[in-house]
Structures are given as C-alpha cells and as structure tokens.
Amino acid sequence: MNGIAGKTVRELRELLTSGQASARDVAEAHIARIEAVDSRVRAFLTPTPDVAIRQATDADIDASCARGDSIAPLAGIPFALKDNICTRGIRTTAGSRILPNFIPPYDATVTVRLLDAGSALIGKTNCDEFAMGSSTENSGYFPSRNPWDLERVPGGSSGGSAAAVAAGEVPFSLGSDTGGSIRQPAAFCGIVGLKPTYGRVSRYGLVAYASSLDQIGPLTRTVEDAALVLNAIAGHDPLDSTSVNSPVPDYTLACRADAKGLRIGVPRQYFGEGVDPGVASVVRAAVDLLCGLGATAEECDLPSTEYALASYYIIAPSEASSNLARFDGVKYGHRTKELAGHIGLMEKSRDEGFGDEVKQRIMIGTYALSAGYYDAYYKRAQQVRTLIRREFDAAFERFDVLLTPTTPTTAFKLGEKSGDPLAMKLADVLTLPVNMAGLPGLSLPCGFIDGLPVGLQIIGRPFDEETVFRTAYTYEQATDWHARRAEL
Ligand code: GLN
C-alpha cells in the first residue's frame, strides 16, 4: 500500500487535521490504489476519480478557511457507494442490465449527507442485480472478488462495497441490507458492516428491492469508523416517510471498551444445522472473551428462526415484484429495439433487461400476491414475521444484545453455489431474521479459518445501535483481527 490507502477514517482524519496530508493527497492515494488492484478485485462498476478530486479540492479550500475542530468529521475522506444508491449526474445501474445508462437527476439522501459532510465520492460499487443475491455473481456486469482469496466471492449483495474497503481502495463505503447484504459481505471480507434499525437511515434514492426490509448502512475497517459514518447518514428525512423522527445520538460516544453488566443472549438456533462447527466455535470464543471482560452470557431460544428463510423468500419477492414493475422500457432503462406493440414492448424490454434471478423473484412474488394465494403465502409469511419480532422482543427483556455467527460458513468459491439457488440463499439464513424484525445488526471480524475471515453478528434492540457499538468496540479493542490486511 502507498501509506495512505488502507488507513481507517479515524487515521485519515488525523493526517488531514494535522496538515500531514491534504484531502487531495488522500483522494489521489486511493485513486492510485484502485488503479493498482481493481483489475483483480473488480469492486467498482463506475470509478469517479474526477469527482473525488474535485470534492477533495473543495474540502481543502473549506479546511483552509476553518480551524481544527470545526472541520466536519468526514471532510476530505473518500468513499464509495453501492450502485443501487442514486448519484446525481453519475450512472446508477443497481447491477442490472436494465439500467445500463441511467443517470439519476437527483441524489439519494445518504449521498447528499455525505457530500455535505465534505466526503469525496470515488466510485460506485458492484452488486448483485437489484441487491438480489449473496455473492455478486448475479451482477449483470461481472462478479467481484474477495481480497483474501481472489478465487472466492466477497459475499453479496453489497460485495463490491465490502471488497473495496477490504482491499484498501476506500476507507468506507455504503451498502444496502435487505436480508444480510451489508453484514454477510462484511463477514466474508473481514471488515465491519452495520445494518441500522429500520427507519434510522433514509431510503430516499435507494433503488427499492423490498421496501419493508431495505436499510442503508456503512462498511468500514473499524467499529468507531462505522459510528462516524452512521452519525453522518442517520436521522429523519421528510422524503422518506418510514424514516423515524427521533434524535440521533453521537454514536462515537458509545464506542467505549466496557462490557461490565452487559447481558448477552446466545440463541441456540443460530448454532445448529448447516453452521460450520469451526465458525460456531470461533463465535463462542468471542462470547467467552466478552464474559472475561465483565459481560454475562446465557443461551436462549428463538424458535421461529427456522421459518425465517421461507417467509423472507415470500415477503422479499412479493415487494420486489411490485417495486420492479416500474422498469417497463418506457419511463427509463433499457428499451427493446424490436417493434412489438405497447404490451410487447414492456415484455421484451423486461425480458432482455432483467437477469434470471430477478425474473424468478418477480414470478414468485407475483404468484404469492395473486388473488386466491395471498392468504396462503403472503399473509402467512407476515404472520410468521410477527412471531419472529415477538420472540426477539421477549429475548430483549432478558438480554442487551444477542451474539451469533454472521454467516454459516466462510467465503465460498466463485461458481460454487451459483447453480444452486437454495444453497446460495442459505448464506443469509443468520442475518435475514434481523431484517424481518427491523433490528440493528453489526458484523465484525472475530477470527480466521484457513486464512478466511469469520464474522461475529451483534443484534440489538430497535434504535439501540449504541449498545451494539459498545459491545462491538469492547470486543474489537481486546482483539486484533480488524488490524489484519488482505495481501494483494
Ligand atoms: N441474499 C438475500 C437476497 O437475495 C439478501 C440480499 C440483500 O440483503 N439485499 O434477498
């Protein structure tokens, strides 16, 4: 690495505020890193070096007018956005061939907030098409690679965002998480990924997959960096009626190494069938470590967990089938060249533009919502969702956080699961219940198996990201997994 690229947000901020580097130096170092490694990692769909240099130069000018502490925490820090987050004037594909040249006329709220904070957008990252997948192999463009082993997937759907951070191409990125798409790639790439509570971060300008589950969040190298980024993006937004109007605490204050009195629940269902025994034992060791620092831990049961995957794969495709109706070849996106009449134009455009996984989900969702089947599928899935939420509520009467593995296994090989949709979907079996209940969940590195990172998932009460951060920070300070770097 060139000395600057690969540093954390916190470290870069020190360089910037002490005058050891300008924002332009920082942007250039990361652009050079992308040029050096991205032909192998393939994290980026659309690099935006010119935009980054321009924004960094603005940050330098602002900094020369300001003094030390009045410089915004993310000023001059480069970042990347998953390509389903809208950027005004910059191509946004959602990983789909149906949006090959969509230039949004507006920014997502998270984009506005990061730019207002002085950060410099360095590129848009690869993802599974419309965020449907667990490996980036469903991207309409190309798969991204895991920096720890280029033959393996970085996870998905926010795989490009995770790989970019793990490869030192960018100090932080944003992803979106509908069933695990921030936490699962964070686990596979050995970094920190946070899905905030549903409603904590505005979804305005996020290309919708399943609106009742989607949430945007940060991918970073450290827990404190995740807190810094959440500070910048969280909070009420009049443009998203599901964003909640409650005060945003300073999450960095929650980053203190203190496990005293912390009550940890360890749900048995997250250590059962399909979970690699090596992963389970690394995670149990993490629980023991926290107990050694003053926490208490107890096993508990979340019996409806076994129905979470099945009900998620009714609810998510149902919402997707409705959300994706707007891609009709008329309003925007790909339009067929064939002359086919107005219904034919829609059918042909959708047929040519959408990939197989997306088509399958539209069909499942449309079926599940159709008259006569709605009660049997969609309604029942929503009832299961309520049960899942109630079981979490009951657990949180006894515990402050729940600790589980983030994924059943470490990163798998490219192609290993792409022919087996069920095997692929099982990659999110431990993360998607958190979306079903709308809770915050964070993944952080807790060990390695055969050179591949393992993720520890910390689940919190709704809007209690602070306890999640405190738990994660305490663990991180007592270990050095986060300090390891993939060699490229
Ligand atoms: N892999 C899950 C799915 O395909 C989750 C994806 C996500 O969180 N966006 O639905």
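Let me start with a term: a polar contact is a pair of N or O atoms within 3.5 Å; within protein, one must be able to donate a hydrogen and the other to accept it, and residues adjacent in sequence count only if both atoms are side-chain atoms.

Hi everyone. What you see above is a predicted model, where local features need pLDDT of at least 70 and side-chain atom pairs count only at pLDDT 80 or more, while totals for chains, interfaces and linings use all residues. Residues are numbered from 1 along each chain as its sequence is written, and side-chain values use heavy atoms, with hydrogens and water left out.

With that term in hand, let's go to the ligand. A backbone N or O atom of T178 sits 2.8 Å from one of the ligand's oxygen atoms, and a backbone N or O atom of G179 lies 2.6 Å from a ligand oxygen. From R361, a side-chain N or O atom is 2.9 Å from an oxygen atom of the ligand. How much of the ligand's accessible area does the protein cover? It is 100% of the 290 Å² that the ligand has on its own, by the Shrake-Rupley method with a 1.4 Å probe. In total, 15 residues surround the ligand, and the closest are G179, S181, Y209, Y312 and D428; to be counted, a residue needs a heavy atom within 4 Å.

Now the sheet. It is open, with 11 strands in the order β1-β3-β2-β4-β6-β5-β10-β11-β9-β7-β8 and mixed pairing. Strands here are DSSP runs of E, at least two residues, and helices are runs of H or I, at least four, numbered from the N terminus; two strands pair if DSSP finds at least two bridges between them. β1 (44-47) and β8 (296-300) are at the edges with a single partner strand each, so one side of each has no neighbour in the sheet.

Let's look at β6. β6 pairs antiparallel with β4 over 6 bridges, and G217 in β6 is the bridge partner of G175. β5 and β6 are also antiparallel, over 2 bridges, with V192 opposite T220 in β6.

β5 (residues 192-195) also runs antiparallel to β10 (residues 441-449), joined by 3 bridges. There, L194 stands opposite L442 in β10.

Thanks, everyone!
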